[in-house]
Amino acid sequence: MTNVLEDAPVNARRHPPARRRLALRGLVAVALGIAAALPGTASATSPAHPPTTVSRTASSAAATATKTPPTPGVTSHAPAPAPALQPVRLPGLSENSYTVTLPTGDKVTLSREKSGKYLMSAAPGTTSRITFSVLGKTAEQAHVSAYPESATGLIQLHLMDAQAFDVTWLAGHGDTGAKARVPLTVHYGGRNSAAALTAKAGGLTGATVVGADPSSGDVRLSVPAARAGAFWTALTGGAPQATAARGTARPVLAGGATRAWLTGHQSPASVVPAAAPGSTVTWTLSKKRGDAAWCPIFGWYLGVQSAIACPSYPILIGLTGAAAGRTVTPTDFACLDTNPCTTYSVTFAVPNGVYAAQDMSVGFVLHSIPQLVDTTVPQVVVAGDTTVTTDLDKAAKFTVDTPRAAVDLEHYISNSRTAPGVYSAWQQPDSSGLDAAWVTPTEPVSVGGFHLSSFWLRGRAPVSAAVTGPSRLTLHPYYARYTDLDAPSFTRFSGTTTAQVVNVGYGSAADFAKVDVRGKLVLMRRATGISVISTAQLAAALRAGAAGVLIDPRDDDPTNPLVIPVEPYWWWTGEQPVKIPFATITPDDAASLTALLAKGAATVSITDHGYSPYFYHLALAEEGRVPAALRFSIGNDQLAQRTTSFHSSQPGSVTQSESVFHPNDFFALLTPSVFAPAPSTVQQYFGPVSPDLTWDRIGALSTADGGSGPHQALDVFDRPAKGTEEWFAAPDSLGAPAVPNAIYQTGLSLGSLYYCAFCRQGDTFYPTTYLASGANPALADSPYLPYSFDPSTVHLYQNGAELPQQQLSGTPVYQLSDEPATDRLTVDAGDLHSDWTFSSRRPSANGLPQAFMCMGDYFGGSGPCGADPLIQLRYDAFADTGNAVRADARHRIEITPYTMADPSAPYALTSVKVWTSTDGGGTWAESTVSRTASGAYSAGYRVPSLAKTSGAVSVKVQAADAAGDSVTQTTYDAYSLTAG
């Protein structure tokens, strides 16, 4: 069969422009892992924290039950990269951010949040599906491991040590960042001289030999982070390529290597203490209904050519006894019947105790579509030789129905298991919207707790297609992943394309030479023996003038996993994407279309539906056991509806990522979920509504000038009410977000979320702040660390005399006395000028709201921290989604005063004056001000015709309180004007 891969190279502003601009500096330039955006969304220009880009964290899980990357002979581990939502405390780590390179070249980010705990996520550039696991005494003191899909089978074969993917150890070892070097030891069998060992290991791409020990056969290597992917390919033979018949040949490492591990960090030989009673646990799994398929790694273990279901990474997790807190891998696998294998067993040698059995990505194929099933058995009591039986034909399928027609765009399944002194969690996500999710029913646990949670994002299908002639046939197309329209990783169709379709077989040069495909759609099969569509195949279609490609995912090689959707080869090679639209159709669709084309010409119409105008965000949970049925029909009476407006003064796109978690969801996914054009308005539905469910959403706006982000909103949707949300609405103002009190009533231990704005610890005053939104007070701009001003723009006076400024890491700070004084702070930063008078006093006790911690804590300060009484203001101009109001019309602007002592409560003032200007501050018109029922102040004003303005509205406010504190704040070109 044609190997088309022979031709394929392997390698390889916050505001719109205005007359003046707000000039703020970030405290530190790190991207924290909780913010995520799909590849292709431009980095926001927030100088403090651009959103972390997560590459392919949500690819589809597939095949033969486990979706493999294009690596023949290597089993994938279906869960994709995902950060832990509930952070973990990692002793010995103290930096704000660690980027850890795994031996496979995949990267993981650990990000320190304000409590000192760490969040984890896939780092930019990661292409593999990664299983994150947490194991330790508690969720807050656990080790974090990240298992890429290309490594799990080799771990099971004991070719690669499981602890080689211990992210905690790698971060603590110090080899982090772009210039990191991964320390690895490779063992070679037989008798070899030091020179021979050096030659063997030195031939591995990217590796530098540190030392060779001929007595042990061990070679210590140092692999630079930038070359780790190439090294892994050289060590494992994992390059995407067509292969000859694999049969049941055992996978091996290159050059006679027999195993590899992190230098200085190797798994213990056994988890069974010598004095502990040992038993054999035999876990038998059966699947008799489904399509026979090849199990990539475990075909060797099972000694079969095909099976109905394939294991991926079965383990036991010790909950009590001598193995408590340890992971046990199998000692043996066996197939209990003939081809296809319908029943297999996994054997473990363990000390007596209570265990959880886990394999989150057992796969099978049903009606030619890959399926995934979590085979968790949350409680196995071992007091002697023990047999556990799992009937996969009785697995419960997750089915979620919503009021409006919608398809699954993303989902994940997570489970956690707790026992006294043990915490374990696993997660399995999918963003293709295709992979069905199943879980095997279980009995209730009697030791500790078991929690199963899932998240579902549903919306309008990104793409649809049908044969329109000579007969009608509905097709089921899938993009390589659910993604932003602007993402460069592959090209989507544009609008509706209706064209004749031509079968070009495997898309070789010879195939295209036989047909004229100019302006037509082509039906193309992925090459035999690989799981991707090659760059060469798509490039040939583009050169031939095809309008697009429909990928036939079938493979004549029965040992090659079925993969839907088929992904582009360049996701693994770094090649430039081919700019031709393509989508995968199902195997049944491909068979029907092939048969139709054999009879004559056929026409296909394929439509890209663009951004979805509505989204369902659904968080479901089960406690103690897995029920026999998992069908959820979510009605409007269970949903909170929000009409969400994404504001932008110029065309762009929005990525909104979210995490959802119950108090015991210690391991949840932050997934890039909502993609929308900017400006735009979408309908969002959240549910089922619950008072103990917290929604953490991060949004980033990408435009030609950079955009804005990240912005964070924390919410509890506890009733099925309608409401509105505004994101990125102008004008921003200086101050703290109003954190909803409801998030502290869910039972989740959130602790302090943000740093205090304009606060004093001891005698040190910190003039740092956030940008606050009057249209959405709970929205925190750059939530991870606040902004510090350019020191040259900040001045602090006491009794009229300017105080000397100090700097901590470039952040201005001031030392104040505790004598009674009148303090004055001025900030002149381009678009915005603020002048506060207040009376600062040394705090005698901590007096900050629950959601805030002292800025001094970041710099190692100590002692009581208090909020100085600066009057802070939020503005709501009721601007349209383009951040503009109409000229030649009357308008009002609403100003909400508050103090850091309680950012959620309007603050009473003794005087408020408001002026507006439509000529850039040349002239000012005073407004009539009235107090609203909510405690805000409303100012009316009139805008002349657009020709008589500078094209924007500037706002000036003077306000004072009964204590004598005051503020004068001027925002130039705060928002735009459009023609009436």
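Author: pLDDT is the predictor's confidence in each residue, on a scale from 0 to 100. This is a predicted model, with residues numbered from 1 along each chain as its sequence is written. Local features need pLDDT of at least 70, side-chain atom pairs count only at 80 or more, totals for chains, interfaces and linings use all residues, and side-chain values use heavy atoms without hydrogens or water.

The protein averages a pLDDT of 83, and 84% of the residues score at least 70. Over residues 1-87, pLDDT stays under 50. The model still has 384 contacts (heavy atoms within 4.5 Å) for residues 1-87, beyond four places in sequence. Residues 239-247 also stay under 50, with 27 such contacts. Where pLDDT is low, the predicted coordinates should not be read in detail.

Now the rings. Phe, Tyr and Trp (its six-membered ring) pair if their centres lie within 6.5 Å; planes under 30 degrees apart count as stacked, over 60 as edge-to-face, and the rest as tilted. The structure holds 28 aromatic pairs. One of them joins Trp695 and Phe717, edge-to-face, at 5.9 Å centre to centre and 65° between the planes. Trp695 sits in strand S45 (residues 694-703). Phe717 is in the loop between strand S46 (708-715) and strand S47 (722-727), 22 residues away. Strands (E, at least two residues) and helices (H or I, at least four) are DSSP runs, numbered from the N terminus. Both Trp695 and Phe717 are buried. Buried means under 20% relative accessible area; over 50% is exposed, and in between is partly exposed (1.4 Å probe, protein chains only).

Tyr754 and Phe852 make another pair. Their centres are 6.1 Å apart and their planes at 50°, so the pair is tilted. Tyr754 lies in strand S49 (residues 754-755) and Phe852 in strand S62 (residues 852-853), so the pair ties together parts 98 residues apart in sequence. Tyr754 counts as buried, at 2% relative accessibility. Phe852 is buried too, with a relative accessible area of 5%.

Rings can also gather in a group. Ring pairs link Tyr147, Phe165, Trp232, Tyr313 and Trp426 into a cluster. In the largest nonpolar core, of 83 residues, Met160 and Phe165 touch the most other members. Such a core is a set of buried Ala, Val, Leu, Ile, Met, Phe, Trp, Tyr and Cys residues, joined through side-chain atoms within 4.5 Å. Leaving aside neighbours within four places in sequence, Phe165 contacts residues including Leu102, Val144, Tyr147, Ile155, Met160 and Trp232. A second, separate core of 71 residues includes Tyr766, Leu825, Ala959 and Val967.

Some rings have a charge over the face. That calls for NZ of Lys or CZ of Arg within 6 Å of the ring centre and within 35 degrees of the ring normal. Arg874 lies over Tyr898, 3.7 Å from the ring centre. Lys956 lies over Trp915, at 5.3 Å.

Last, a covered strand. In strand S18 (residues 343-351), eight of nine residues are buried. Strand S13 (residues 278-286) pairs with S18 in the antiparallel sense over nine bridges; strands pair if DSSP finds at least two. Thr284 has Ser345 in S18 as its bridge partner. Strand S17 (residues 332-335) pairs with S18 too, antiparallel, over four bridges. There, Asp332 is partnered with Thr347 of S18.
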